[in-house]
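Subject: Structure handover

Dear colleague,

Here is the structure I promised to pass on to you, with the sequence alongside.

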Amino acid sequence: MLDNMSDHEYRKFAARHIPARLFAAEDFARVRRALGRKVLFAQGDIAVAYGALLAGCRFFAGYPITPATETAEIMSRLLPRIGGSYIQMEDEIASIGAVIGASWSGAKAMTATSGPGFSLMQENIGYAAMTETPCVIVDVQRSGPSTGQPTEGAQGDIMQAKWGSHGDYELIALSPSTVQECLNLTIEAFNLAETYRVPVIVLTDGLIGHMREKIVLPEYDDINFVSRKTTAKAAAAYRPYDNDGTNIPEMANFGTGYRVYITGLTHKESGYPSTDSQADHHRLVLRLCNKIRDNVGKIGKVQRDYQNGSGDRTVGIISYGVTSRSVFQAVKELRQRGFAVDHLRIITNWPFPEAEVAELVSRCRRTVIPELNLGQMYHLVREVSSGANDLVPLWKTGGELHTPQEIIEGVTG
Amino acid sequence: MAFDDNRLSYLNRLAGKRYFMLGDEACAYGAIYAGCDFIAGYPITPASEIAELLARELPRAGGICIQMEDELASIAAIIGASWTGARTMTATSGPGFSLMQENLGYAVMTETPCVVVDVQRSGPSTGQATKPAQGDMMQARWGTHGDHNIIALSPNSGQECLDLMLECFNLADEYRTPVILLMDGEIGHIRESVLMPDPEQITHKTRKAARPGEDVFGGDDLVPGMVHYGAGRNIHVTGSTHKANGMRDVTTPEVHDALIRRIYAKIDQNREKIVRVEADTDPRGPARIGVISYGASSRPARGAVLAARSEGIAVDFLRLITIWPFARTQVAEFAKDLDIILVPEMNLGQMSREIERFVDCRVQPVSKIGGIPHTIGQIHRAIREAV
Amino acid sequence: MKTEFRFVAFGGQGMILAGVIFGEGAINDGKNAVQSQSYGPESRGGAARAEVIIADEAIDYPMVLEADYLVALSQPGYDKHAAEIKQGATVIIDEDLVTAENNPRAGAFIRLPFTKTADALGQRIVTNLVMLGSVCAIADIIKKDALLEAVKSNVPSKFLELNVTAFNQGYELGRQARQ
Amino acid sequence: MIEIDEHLCKGCDICIEFCPLKVFEKSEKLNRKGYYVPLVACEDECVGCRLCELLCPEFAIIVTNE
Amino acid sequence: MEEYRHRLMDYVREEIMPHRFCTGCGCGTVLNAFVNAVEGVGLSPAKMVCVSGIGCSSWIPSPYFRSDTLHTTHGRPIAFATGVKIMRPDLTVIVIAGDGDVAGIGGNHLIHAARRNIDLSVFMVNNMIYGMTGGQVAPTTPYGVKTSTTPHNNVEPAFKVAELVMTAGASYVARWTTYHVFPLMESMQNAIRKRGFSFIEIVSQCPDNYGRRIGLRTAVEFLHQFKEKAVRIDKTAGMSEAELADRIIIGKLCDRERPEFTAELHALTRRIVAALKQEQPA
Amino acid sequence: MIIRFAGFGGQGIVLSSYILGQSAVFDGKKAIQNQAYGSESRGGECRGDVIISADDIYELEPDYQDVLVAMAQPAYEKFVPLLRREGTLMIDQDLIVTDHNIEPAGITRYSISATDIAFKKYGRKIMANMVMLGYLNTVLGLVGRNAMEDAISRNVPRGSAEVNLQAFADGVTLAQQELKKR
């Protein structure tokens with residue numbers, strides 16, 4: 001239903017169905033005062049925290065891990081000042097558990113971690129997907145597997161973000177490539193989490209998490225605040241997982257009189273477990289997946305830097321996250337040297353923008369896919385392209401970013 | 001590796017007998033035949049029967065069974081035990097498998113041979129505890145963070161639960177890597193006839209031993225030799241990025257790159273040696289329709305293929321026994337002259353996406369979730385519709 | 001116009017904070033800046049490196065490949081990065097901590113007593129501010145006021161005076177070296 | 001006899017402070033990592049109790065009783 | 001002058017010395033005491049396995065102590081060590097890790113290993129902070145301390161880990177500080193010799209990431225404080241809870257004989273195997 | 001041959017299916033046995049399925065059953081529509097009221113008073129499953145009697161083999177009488 005709406009219709013829809021206590025201008029002003037200057041020189045980890053606070057996040061539970069700790073530190077300092085709560089839990093499993101609980105208590109909630117902690121969270125990420133709990137998880141990727149290189153950046157958790165927990169489910173994952181975007185996309189992540197009632201993962205990395213850049217804090221009017229669609233039904237008439245046609249049920253936060261029952265077991269619309277019915281499971285899990293898959297067009301964001309030249313000459317580049325920085329520089333130099341290059345930067349890794357990728361690959365002579373892993377997105381590009389095209393993976397591991405020269409060689413080589 | 005006296009006398013009592021048992025139980029006997037010395041586990045439906053049977057039988061064969069405080073501890077304990085030279089395993093289901101992901105990555109990184117059985121149930125989250133599924137296929141490959149490769153096998157009968165356990169332990173030792181037996185609650189919980197092999201017929205691969213002075217985490221071969229604890233070599237084992245001698249180096253890109261690429265390559269480059277499939281091409285001539293399946297789904301899939309053939313529809317059939325590394329050459333070869341491949345699986349199309357990466361023809365999942373396996377009729381209808 | 005700075009030292013010498021202040025100073029001055037760092041797992045005694053890129057335009061690739069300025073307060077740091085500088089780059093070393101006579105690629109090779117100057121102020125911890133003052137004067141691409149503003153927002157107020165003094169002494173050292 | 005490995009010392013001053021007989025003194029000597037290493041000022045006072053050796057976090061001190 | 005070499009250098013991985021602990025870090029002292037203890041017991045490192053987790057103190061054995069070492073994931077060293085010990089009961093298995101690792105994320109494994117009374121020696125270096133990641137609150141951080149993740153105030157009480165482990169069933173439990181090096185060394189020897197789960201909490205200093213938060217800037221100031229605050233357990237009898245609130249209780253909390261887990265387990269296995277052999281073949 | 005046993009937990013339904021499957025294997029046939037796990041088997045509805053064949057068995061979840069052995073009214077109502085046309089229905093007649101509207105066409109019905117016999121003769125209602133097994137196996141000629149008696153002896157509680165075999169024999173006798181009638 002949603003994907004047939006125009007943006008205008010969608011906004012009207014959102015206004016009608018997502019009325020729950022929008023973030024008031026006074027609240028926002030208070031947060032802005034706590035954050036200080038409008039123009040800052042800040043790390044990606046800090047920008048993530050600022051984005052969360054500006055988006056209305058009022059609960060953070062975490063556990064120290066390099067290179068994500070700075071987010072927790074800044075949240076521990078600032079959240080209490082604006083009336084929010086911070087807690088350091090005993091581990092990452094407990095952290096996401098607390099986040100899920102807080103979300104059901106009505107708070108916009110998040111946690112931040114890195115690979116090993118992200119692996120530990122997988123069971124409860126599945127729980128959040130199953131119970132449709134809006135929450136944001138920041139994974140500041142570092143070199144893995146295992147403890148690997150704690151202080152080095154990587155993009156090795158892209159596939160894990162989608163497939164790390166057992167069973168079939170969908171979620172959303174975003175990849176910022178600048179510090180400013182760490183802030184913007186965290187706000188976006190909260191909006192998506194609240195809109196679709198799904199865990200949203202912000203996939204930054206050790207490079208961008210620790211890099212400092214200029215950021216400009218947004219004003220209240222710059223942001224479109226979204227809060228979860230809560231129910232207006234009478235308690236007796238309300239069932240927590242009724243499908244109103246959008247695939248996204250209305251939520252009733254704890255303590256609001258609805259006495260909802262929430263379980264990670266397969267459940268009926270009433271919320272009560274249904275562990276034997278094939279039909280109930282099928283209906284539930286299909287809805288969980290379709291609410292994301294059917295809205296790829298709305299959720300998915302890409303950045304196109306296309307010249308749209310003739311296909312037989314053009315080389316395509318598909319990148320995401322911090323790697324895009326090298327690509328932007330390389331593309332400038334390549335064009336100066338007369339090469340036809342089209343660059344697609346993927347902002348929303350999950351759901352994967354299959355149509356965009358397929359379109360670029362189909363009209364390019366070759367497509368180069370640089371990433372800081374052993375070809376995880378390359379895998380996905382292969383899946384959506386017919387296989388007849390020349391796909392060139394540019395793998396790099398060990399914690400260093402591709403140099404622009406390496407990208408150029410991948411394109412010209 | 002030869003059986004010790006205790007194990008041999010235990011197995012001689014079983015040899016040649018035919019039992020009617022659960023897939024889970026067959027899997028447990030497979031572990032005993034494989035020379036498994038140690039299992040650490042935590043109860044979870046539908047995998048508990050594996051630990052229960054091993055708790056009863058493994059000590060009779062001289063092995064050790066322990067119930068740990070959770071699944072994180074279970075896989076940790078078997079990794080520790082593996083470094084003493086023991087053949088070790090754990091068994092779990094979805095939620096426990098999710099908890100094991102961090103230490104599964106540790107086993108990959110430290111190149112620790114061990115076997116993890118995942119008896120898949122309906123998920124996500126606690127889902128339907130008693131209901132079978134095949135929803136962890138991609139998780140088995142991608143569940144832990146960072147770049148890695150994995151070996152996973154999927155049985156489709158009680159007998160194969162036993163046989164593939166032997167293979168899992170052999171692969172784990174041969175490639176120094178964790179190996180996953182991707183069972184499903186269906187195969188785990190049906191009872192079938194299982195023949196206990198003669199222990200004399202069992203072959204065990206042994207771990208390659210490092211020569212004196214040779215590095216344990218690198219060297220000329222993709223799979224380095226191993227040294228066990230207590231051998232006086234003072235080896236250092238770490239999940240952090242390390243040099244060939246085991247010492248941590250977490251800042252030099254080249255060290256990380258060399259390590260990860262080798263760990264990746266030792267499975268990737270041996271793919272053709274590792275991969276096992278079972279192909280059944282239509283004897284009467286070229287088919288336009290193919291069916292690829294694995295595990296429990298492959299039983300009704302095969303039945304449907306035979307039913308379709310009896311109606312005169314030409315259908316080729318391929319069963320993946322090795323799930324990871326993916327049988328890309330076998331699948332590509334299988335797909336060559338086909339128009340469409342149907343993939344019956346008990347998830348929303350996880351392996352069908354993987355198949356899509358390596359073939360040019362249409363790939364269509366025949367998904368079924370919710371804990372009831374496909375009927376032959378359902379897959380048969382899908383084949384008819386594809387004609 | 002893009003200028004790349006690389007600061008190398010042991011962990012604990014405040015080099016990363018210096019990089020942060022330097023980058024923030026550039027922002028205060030209306031420029032763009034990217035600062036990144038690398039350090040080992042130990043917070044003290046290991047190798048530490050801060051990198052700052054300052055430009056008028058947007059900065060795509062955020063890492064330093066060949067530095068315009070290499071500032072070294074440790075011998076291993078210098079040895080590791082001495083060759084990775086632009087032809088004609090400026091090299092600045094602490095003369096008590098780094099032994100090096102010249103660098104074949106360097107356009108200018110400057111030896112200054114950062115640690116000694118800080119010790120004379122009674123606080124070795126302000127070595128980084130002495131260094132920063134010198135670099136400010138030598139590079140002359142960020143206004144001194146903009147940088148001092150960044151110093152103020154990054155050091156505890158009770159040590160502000162000491163830090164500013166250190167900065168000024170370093171600035172003076174740099175100014176003289178430049179002449 | 002007390003030996004100090006300058007290469008290992010990180011200048012924490014524990015030995016200087018906790019030697020019951022105040023055998024060590026601060027020195028002006030910087031090692032290559034920029035730490036002031038202690039000086040064995042009055043070795044004659046040493047009774048070989050080995051407290052400094054055991055307290056030293058760096059394995060930088062060894063006391064031998066002759 | 002002849003080349004200086006510490007007499008116990010054979011026990012450490014000399015090629016990677018000097019170690020990377022910060023100036024005055026207690027981890028160095030614990031390593032020193034541990035090496036002396038191992039030498040004192042007369043144990044060959046070739047017959048030891050040292051297991052550690054993630055955190056500064058996990059570096060004490062891994063990589064610095066020259067035995068077989070298993071450097072594991074965060075919080076899980078006791079679980080890994082359980083597997084090692086069960087399959088090689090003849091080896092001495094020692095876990096050295098920090099308060100965050102052992103009592104925080106790994107708290108569950110700690111109490112269960114103590115309950116089983118498995119023959120491990122766990123030396124928990126308690127520096128009251130997460131040092132490696134830069135000074136976040138730990139389960140052992142005292143009430144009221146400002147850390148990087150409790151910048152306003154820590155409102156959680158600290159864990160009394162040694163007492164917890166004693167209650168959970170360990171055979172031997174003691175607490176010392178890095179100032180009390182001689183009794184600490186002796187206690188480590190007793191712990192290593194003890195059959196059963198032995199646990200020593202070693203209160204240690206972190207001048208860089210903890211000291212600056214509580215106004216103790218150097219190791220020297222820490223050690224003075226440890227010296228002043230320490231009270232021997234046999235002197236605490238008449239002291240009220242309020243009197244003890246700010247003190248560090250040192251000494252041996254318990255030393256008792258309880259059935260050891262691996263011995264029980266292997267004895268059971270032997271009985272089962274023997275019973276099977278006596279059965280007539282089916 | 002696809003046989004479903006259905007009733008309440010506590011009637012020995014799963015055990016019946018297990019014994020049938022095991023005896024088929026003892027008899028040199030192929031067999032799989034499956035059962036409903038979890039909440040269903042604890043006092044609620046309960047079922048056990050057996051597939052017996054001379055060839056490889058591909059079916060795990062059959063579309064239809066060949067035989068339904070129903071020991072309770074809800075089980076009958078739930079599963080009888082899944083019986084194959086011209087399949088076989090076997091019920092405990094004292095526990096079930098049949099409804100022709102939900103039954104597939106052409107089925108063959110067998111009714112006995114298994115529970116009543118078990119209670120009156122042995123004082124234990126649970127023996128009904130053995131009576132039923134003897135009846136089922138004899139009517140349909142599924143597996144050899146020796147194989148089944150072997151399987152029963154192995155799987156009933158220690159010391160109760162004799163009484164179970166006696167109940168089984170009762171079922172066999174009833175079936176022989178019924179077959180003569182037809």
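**The loop between β5 and β6 of chain A**

A:Ser146 sits in the loop that runs between β5 and β6 of chain A, where helices (H or I, at least four residues) and strands (E, at least two) are DSSP runs numbered from the N terminus. Before going further, please note that this is a predicted model, in which local features need pLDDT of at least 70, side-chain atom pairs count only at pLDDT 80 or more, and totals for chains, interfaces and linings use all residues. Residues are numbered from 1 along each chain as its sequence is written, chains are lettered from A and ligands numbered from 1 in the order in which they are written, and side-chain values use heavy atoms, with hydrogens and water left out.

Although A:Ser146 is not a glycine, it has a positive phi of about 55°. Most residues other than glycine have a negative phi, and most peptide bonds are trans. A cis peptide bond also joins E:Met17 and E:Pro18, with omega about 0°, and E:Pro18 lies in the segment before α1 (26-41) of chain E.

**Domains and chain interfaces**

Chain A is divided into domain 1 (7-222) and domain 2 (301-412), with bounds that come from an automatic or database domain assignment. Contact (heavy atoms within 4.5 Å) involves 29 residues of domain 1 of chain A and 23 residues of domain 2 of chain A. The area buried between these two domains is about 2100 Å², buried area being the accessible area (1.4 Å probe) that two parts lose on being put together, summed over both. The rule finds 3 salt bridges across this interface, a salt bridge being a side-chain nitrogen of Lys or Arg within 4 Å of a carboxyl oxygen of Asp or Glu.

Among the 10 pairs of chains that touch, chains A and B have the most contacts. Their contact takes 57 residues from chain B and 60 residues from chain A, and about 5200 Å² is buried between them, of which carbon and sulfur atoms give 54%. B:Arg353 forms a salt bridge with A:Glu383, with the closest N and O atoms 2.5 Å apart.

For chain E and chain D, the buried area is about 2500 Å², 67% of it on carbon and sulfur atoms. The count between chain E and chain D is 1 salt bridge, and D:Glu53 forms a salt bridge with E:Arg7. No contact joins chain E and chain F, whose closest C-alpha atoms lie 14 Å apart.

**Cavities**

A cavity is, on a 1 Å grid over the protein atoms alone, a set of points where a 1.4 Å probe fits but cannot get out, and lining residues have an atom within 4 Å of a point. The count comes to 9 cavities of 30 Å³ or more, and the largest cavity holds about 270 Å³ of space, where grid points are joined across faces, edges and corners and a volume is the space filled by probe spheres set on the points. Of the 21 residues that line the largest cavity, the closest to its centre are B:Glu186, B:Gly371, F:Asn34, F:Gln35 and F:Arg47.

With best wishes

How values were computed
On a 1 Å grid over the protein atoms alone, a cavity is a set of points where a 1.4 Å probe fits but cannot get out, and a pocket is an open set with protein on both sides within 12 Å along at least five of seven lines; lining residues have an atom within 4 Å of a point.
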